Amino acid sequence: RYYLLLDEVQEVDGWEKAVNSLLEDANTDIYVTGSNSKLMSSEISTYLTGRYISIPVFTLSFAEYIEFKKESGSTPKELLNEYIRMGGFPIVALGSFDERSSYQIVEGIYNSVITSDITRRHNITNFDLFNRVVKYVVENVGKTFSANAIVKFIKSEGRSLSVEAVYNYLEWLEKAFVIYRCQRYDMQGKTVLKTQEKFYLADASLKYCMMGFNPKSVAAMLENIVYFELRRKGYDVYIGKNATKEIDFVAVRRDERIYVQVCRNLPEESDREVANLLEIKDHYPKYVVTLDELAAGNINGIKIVHLADFLLSKDY
């Protein structure tokens, strides 16, 4: 059996014809990778209809981050704090950079994807306006989103942008894997809703390299970290709407389902987080994930789990 690995394949015109011809030989296993802005997943499906499996690649999980840092001598708790602040880009995890240098490296990644590739690919002429939309999304990670809110915000700065343009910008960012859309799921009607979505960043460090690290913003980024851990484990992830209550994440994988609430400090927020989960009347596992050191346990069948344990667990 032959294994063929083609990297940056989009640089060659007509590459898909060569790959399609090689697929005729069932004895060849082909892996195609390319830079995110030039080889979008939607384009692969056009080139290789029904003949490929897409393997999403995320930044490092916490377990992988620990593996990268095994020679550092740091404790898991120290590494978790570092992981939350520094993010999971492998180039950062491999080095011994201070915070400032780490964010400069991430900013370089951000600029190469957004400034160079997306703006050039889509002929964005008003880069300043595009960048303002990106920063609005970054500032509001994990918050309910509306294109109209961005339009109003831009208008308040004395500039104008159409709702259609906002949707285009978001679609381009999503296709380039800079942001990920999390849709809202009506748990009573059992339908996916098209409004009040949230967006999460490919890595928490993308926010910090633009906005600086602020301990007050950690709560939203904890959601970001949990969202991607669920995605890595193969779940489809939604925001849960249960009548008037919101569940941070409803994660579905085949016939499995779990419910997850995320909070930084449990004593301050336990009543709301636990109460929202208690109102769900099925018997699927329910978790509250927290940074609270002393909170691990069980409240009426709801598991209270420290973030580190949740990220390293293989049992959910």
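Two strands are counted as paired here if DSSP finds at least two bridges between them. With that in hand, here are some close-up views of this predicted model.

**View 1. Strands β6 and β7 run side by side in opposite directions, as an antiparallel pair.**
Strand β6 covers residues 245-253 and strand β7 covers residues 256-263, with five bridges joining them. To find your bearings, look for V250, whose bridge partner in β7 is Y259.

**View 2. Eight strands make up an open sheet with mixed pairing.**
Read across the sheet, the order is β4-β3-β5-β6-β7-β8-β10-β9. Strands β4 (191-201) and β9 (297-299) are at the edges and have a single partner strand each, so one side of each lacks a neighbour in the sheet. On average, neighbouring strands are turned by 35 degrees against each other, direction ignored.

**View 3. Helices α9 and α11 lie across strands of the sheet.**
Helix α9 (residues 163-175) lies across β3 (179-186) and β4, and runs at about 110 degrees to β3. Helix α11 (residues 218-232) lies across β3, β4, β5 (236-242), β6, β7 and β8 (286-290). Its angle to β4 is about 110 degrees.

**View 4. F130 and Y169 form an edge-to-face aromatic pair.**
The whole structure holds 19 aromatic pairs, and in this one the ring centres are 5.0 Å apart with 85 degrees between the planes. F130 belongs to helix α7 (residues 127-139) and Y169 to helix α9, so the pair ties together parts that are 39 residues apart in sequence. Are these two residues buried or exposed? F130 is buried, at a relative accessible area of 0%, and Y169 is buried too, at 9%.

**View 5. Y169 also pairs with W172.**
Here the ring centres are 5.9 Å apart and the planes meet at 50 degrees, so this pair counts as tilted. The cut-offs explain the name: planes under 30 degrees apart are stacked and those over 60 are edge-to-face, so the rest are tilted. Y169 and W172 are three residues apart in helix α9, about one helical turn. Both Y169 and W172 are buried.

**View 6. Seven residues come together in one aromatic cluster: F58, F177, Y180, Y200, Y227, F228 and F249.**
Helix α11 spans residues 218-232, and Y227 and F228 are among the cluster members.

**View 7. Two arginines sit over aromatic rings.**
R85 lies over the face of F213, 3.8 Å from the ring centre. In the other case, the charged end of R253 sits over the ring of Y235, at 4.2 Å from its centre.

Terms used:
Residues numbered from 1 in each chain as written. Predicted model: local features only at pLDDT ≥ 70, side-chain atom pairs only at ≥ 80, totals over all residues. Heavy atoms only, no water. Helix = DSSP H or I, 4+ residues; strand = E, 2+ residues; numbered from the N terminus. Axes fitted to C-alpha atoms, helices over the stretch in contact; angles between N-to-C directions. Contact = heavy atoms within 4.5 Å. Phe/Tyr/Trp six-rings, centres within 6.5 Å; stacked < 30°, edge-to-face > 60°. Buried < 20%, exposed > 50% of the residue type's maximum accessible area, 1.4 Å probe, protein only. Lys NZ or Arg CZ within 6 Å of the ring centre and 35° of its normal.
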